Amino acid sequence: MALSIYVLNGPNLNLLGLREPEIYGRQTLDDVCGLCEEGGSELGLNIVFRQSNAEHDLIDWVHEARETAAGIVINPAAYSHTSVALLDALNAFDGPVIEVHISNIHKRENFRHHSYVSARADGVIAGCGVEGYLLALRRLASLCGSP
Ligand code: DQA
């Protein structure tokens, strides 16, 4: 049976493709969902893809993932830089976690250089555009031993 992987997206990523395209590109969140589903099926992974602008939704989904998912890919967006609560939720998840940022947060404003989530993440991918999600799935497949 395919391993279940949660791909969680934080605030404002619903505007992907429209919002600051010079930074985040022109692909929409639906495009990213399609990429993840396609890449996931090649890797033998079942993708559960979600986005919310609310911190508590992301936390609740991480709790849900404790029961149902082998690993998590998360783009926490601005909550990366602010949310100890999301870090605590991820610390209560036993499987591998890969953090993704579409842009290279280290090349941008100072306040983006620190991510609370990175203290938990098994890997961090930044600045690879939406392709970063596929790289993260590939890494999770190998960490979870998916054939
Ligand atoms: C982001 C980078 C964050 O700093 C920002 O708040 C986002 C998106 C990225 O994917 O590059 O909303 O996580």
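For what follows, Ala, Val, Leu, Ile, Met, Phe, Trp, Tyr, Cys and Pro count as nonpolar, Asp, Glu, Lys and Arg count as charged, and the others, Gly among them, go down as polar. Keep in mind too that this is a predicted model.

Let's start at the ligand. Around it sit Arg19, Tyr24, Asn75, Ala77, Ala78, His81, His101, Ile102, Ser103, Ile105 and Arg112. Sort that shell by class and you get five nonpolar, four polar and two charged residues.

Arg19 puts a polar side-chain atom 2.9 Å from an oxygen atom of the ligand. Arg112 also uses its side chain, with an N or O atom 2.9 Å from a ligand oxygen. Ala78 goes about things through its backbone, where an N or O atom lies 3.2 Å from an oxygen atom of the ligand. As for cover, the ligand taken alone would expose 330 Å², and the protein buries 99% of that.

Next, have a look at a pair of helices. Two packed helices are described by the angle between their axes and the distance between the axes. Helix H3 spans residues 55-68 and helix H4 spans residues 84-91; their axes come within 9 Å and cross at roughly 5°. Angles under 35 degrees count as roughly parallel, so H3 is roughly parallel to H4.

What holds the contact on each side? H3 brings Glu55, Leu58, Ile59, Val62 and His63, while H4 brings Ala85, Leu86, Ala89 and Leu90. By class, this contact of H3 with H4 has seven nonpolar residues, one polar and one charged.

How values were computed. Residues numbered from 1 in each chain as written. Predicted model: local features only at pLDDT ≥ 70, side-chain atom pairs only at ≥ 80, totals over all residues. Heavy atoms only, no water. Near = heavy atom within 4 Å. Polar contact = N/O pair within 3.5 Å; in protein donor to acceptor, adjacent residues only side chain to side chain. Areas by Shrake-Rupley, 256 points an atom, 1.4 Å probe, with all protein chains shown as cover. Axes fitted to C-alpha atoms, helices over the stretch in contact; angles between N-to-C directions. Helix = DSSP H or I, 4+ residues; strand = E, 2+ residues; numbered from the N terminus. Parallel < 35°, antiparallel > 145°, perpendicular 65-115°, else oblique. Contact = heavy atoms within 4.5 Å.
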